[in-house]
Amino acid sequence: MLKALRKRRGLSLAETARALISIAERLGQPRTSLPSIAGLQRSVARWESAHPTRPDERHQLLLAHLYGRTPAGAVALGAGSDFAELMDALTHLGESAAQLAMLRSVLVRAATEQGGGMLALLSTGVQAGLAAAMADPSRTDDNLVTGLAGVVSDVNAQVSSLPFVRLQLMLAPALEACRQLLTGPLPDELASQLRGVSVAAHTLAGRLAFETRDDTASRGLYAAATREAGLLPDPWRRATVHMSHALTTLYSTHGLDGARQLVDTAVRDARTGGSVVVRARAHALQAEIAARAGQRRQAEAALGLAWFDMERDHSGDPSATSFAAGHLRGFEGVCQLWVGDPSLAHDRFAASAAVLSAPREQVQRAIVRTDQALARIRMGEPRSAAELLHECLLTAASTGGRVPAIRLRRARQELRPWRREDWVADLDDHLMDVLGS
């Protein structure tokens, strides 16, 4: 596959080596650390041999920059692109999913920094198909719908890696494309597929608007997602919209009533839907709302239902990867924090944080670790909690998440009895540097 990529570009081994060295220089790598053209040419040959070696991470980055652009210089990362084929080749060579996700994030970041947007996430053929379909929605086809779904998935995967405003700019064209294409005459099956993409896009857009503190726009986007999801045959999709909306409502309004209504509606939809995983998540969120309201028995009952669904067979589940046991441990911790034992909450948060390692999960990990610090305060270990909050601040600064910032401020409020201690003053200085408050 690597040899086919190189030959399709019309590059010799030596030309490939020179191109990679040029990229390394452009990325600011010291010239003294770069291999000779002859040495790098031998490496390229080894990667393409009958018994190939896998490029190391440094050379993978150079290859990603080489094949992440078309010969004309345009960024192209979507399905069918040379970059996508490079990712497939590295997968066959045994590279980890985490490393491949990092490479993709680097290229997406580079594309957005240089003014690129959604088109970078589409193959050339899908770009042409999109232009034709926008002029005549009846020309929408499976490839275009798949391409738009890939854009939404790619943008979602960059949460925690790119600023939320930049993600909004990348998502906006896909959102508008879904809106326009759904106005056209489409076969029922294709319309249903496109509507599913539209639901995902509007839900993500609602979350991004919340993160950028535009709560009015966020509510409108969630309303649109709810309407679209209501036109789909399986209510599990509408349940996911309600859950996302409930979480933003929890942190953008006073009281629990608005979030509770959305969660209860999500549970009703999830119970009749085709995703057991979504049902588990809905019950977990219901447990958190009950715990925050001081309703211990209701929280324990909802958690029991969540674990019952979590431990069932998820093969064939349409949303199998959206929620896992590690996430549920975090909900257990929240329930223990509000209506149980803070030491048990601390252990649940530690277990949850340990498995939240993917780039996409860093916002959630910051939330869990902040709650873990809150548990330490309630266990009578305020100084240890402050040390953990310093770590959480670093994550909050890198992700820019609104909810981690809110949780951090609440945790600091519980340190008021120790406000005259030097270690609290140090935390306040760090809070001011990172959050401006």
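Me: What makes R378 count as a charge over the ring of W338?
Reply: A charge sits over a ring if NZ of Lys or CZ of Arg is within 6 Å of the ring centre and within 35 degrees of the ring normal. The charged end of R378 lies 5.8 Å from the centre of the W338 ring, so R378 meets the definition. Please keep in mind that this is a predicted model, where local features need pLDDT of at least 70, side-chain atom pairs count only at pLDDT 80 or more, and totals for chains, interfaces and linings use all residues. Residues are numbered from 1 along each chain as its sequence is written, and side-chain values use heavy atoms, with hydrogens and water left out.

Me: How many aromatic pairs are there, and why is the pair of F323 and F331 called tilted?
Reply: Searching the whole structure gives 1 aromatic pair. Its members are F323 and F331, 5.9 Å centre to centre, with 55 degrees between the planes. Rings of Phe, Tyr and Trp (its six-membered ring) pair if their centres lie within 6.5 Å; planes under 30 degrees apart are stacked, over 60 edge-to-face, and the rest tilted, so this pair is tilted.

Me: How do you know whether F323 and F331 are buried or exposed?
Reply: Buried means under 20% relative accessible area, exposed over 50%, and partly exposed in between (1.4 Å probe, protein chains only). F323 has 4%, so F323 is buried; F331 is buried too, because its value is 12%.

Me: Why does E288 count as buried, and what does E288 touch?
Reply: E288 has a relative accessibility of 5%, so E288 is buried. This residue belongs to helix 14 (residues 276-292); helices (H or I, at least four residues) are DSSP runs, numbered from the N terminus. Beyond neighbours within four places in sequence, E288 is in contact (heavy atoms within 4.5 Å) with L250, Y251, F331, V334 and C335.

Me: Which residues touch the most other members of the largest nonpolar core?
Reply: They are L86 and L328, in a core of 103 residues. A nonpolar core is a set of buried Ala, Val, Leu, Ile, Met, Phe, Trp, Tyr and Cys residues joined through side-chain atoms within 4.5 Å. Not counting residues up to four places away in sequence, L328 touches A284, L303, A306, W307, M310 and F323.

Me: What makes helix 4 mostly covered?
Reply: Helix 4 (residues 57-67) has 8 of its 11 residues buried. Among them are H59, Q60 and Y67. The buried residues pack against several helices, including helix 1 (2-8) and helix 6 (97-113).

Key: Helices (H or I, at least four residues) and strands (E, at least two) are DSSP runs, numbered from the N terminus.
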